[in-house]
Amino acid sequence: MATVLYVDDEDAIRRVVVAWLTRRGHTVHAAGTLADARDLIATQAIDGAFVDLWLGDESGLELQYWIDENRPELSPNVVFVTGDLGAGDSARDVLGALDKPVLAKPFELQQLDAFVARWITQPPPPSSSERPPSPG
C-alpha cells in the first residue's frame, strides 16, 4: 500500500480524502498549510502527494518548488487539485508548463485511486534518513 500526502486548506475535503484512502489500506497524512506539508515530507517516506493549488494565502506551487529542491524523487508523484481551472485561467498555463496532472474540484474520489495505483507500482522514494547527504 502507499503512503500518501493530501494537502488542502479545506478541512472537510481533507477529512473525506483521508477517510477514502485509509479505507483502501493506504497510510494517509494530511496538511492544511505549506509548513505542515513540508514537515511531513521531510519526516515521512511519502510515495505521492495531492496538493491543492490555492491554500488560502499560500500556493501549492511553492510546495512543488520546495519538493523539487528537497525531495526531487517525489516530484513526479505530485498531483495538483484545484477548483480554479476556468477558461483562460493562468493556473492552467502554469501547471501545463510544470507538466503535472491536475484534478479539477469537485473530483470523484475514485480518480485518486488511479494515481495512487501508479505510485505503488514504482519503487518507493527513499526516506529522508536514506537519502545521500547533500554535497558541500
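**Exercise 1.** Are Tyr 6 and Phe 50 buried or exposed, and which parts of the chain does this pair link?

*Solution.* The model examined here is a predicted one. Begin with accessibility: with buried taken as under 20% relative accessible area, both Tyr 6 and Phe 50 are buried. Next consider the rings, which form a tilted aromatic pair at 6.3 Å centre to centre, with 45° between the planes. Finally place the two residues in the chain: Tyr 6 belongs to strand E1 (residues 3-7) and Phe 50 to strand E3 (residues 48-52), so that the pair links distant parts of the chain, 44 residues apart.

**Exercise 2.** Work out where the buried residues of helix H3 lie around its axis.

*Solution.* First list the buried residues of H3 (residues 60-70), which are Gly 60, Leu 61, Leu 63, Gln 64 and Ile 67. Viewed down the axis of H3, its buried residues fall within an arc of 155°, and therefore they line one face of the helix. Then inspect the start of H3, where a side-chain oxygen of Ser 59 comes to within 3.0 Å of the backbone nitrogen of Leu 61.

Conventions
Residues numbered from 1 in each chain as written. Predicted model: local features only at pLDDT ≥ 70, side-chain atom pairs only at ≥ 80, totals over all residues. Heavy atoms only, no water. Buried < 20%, exposed > 50% of the residue type's maximum accessible area, 1.4 Å probe, protein only. Helix = DSSP H or I, 4+ residues; strand = E, 2+ residues; numbered from the N terminus. Arc of directions from axis to C-beta. Polar contact = N/O pair within 3.5 Å; in protein donor to acceptor, adjacent residues only side chain to side chain. Phe/Tyr/Trp six-rings, centres within 6.5 Å; stacked < 30°, edge-to-face > 60°.
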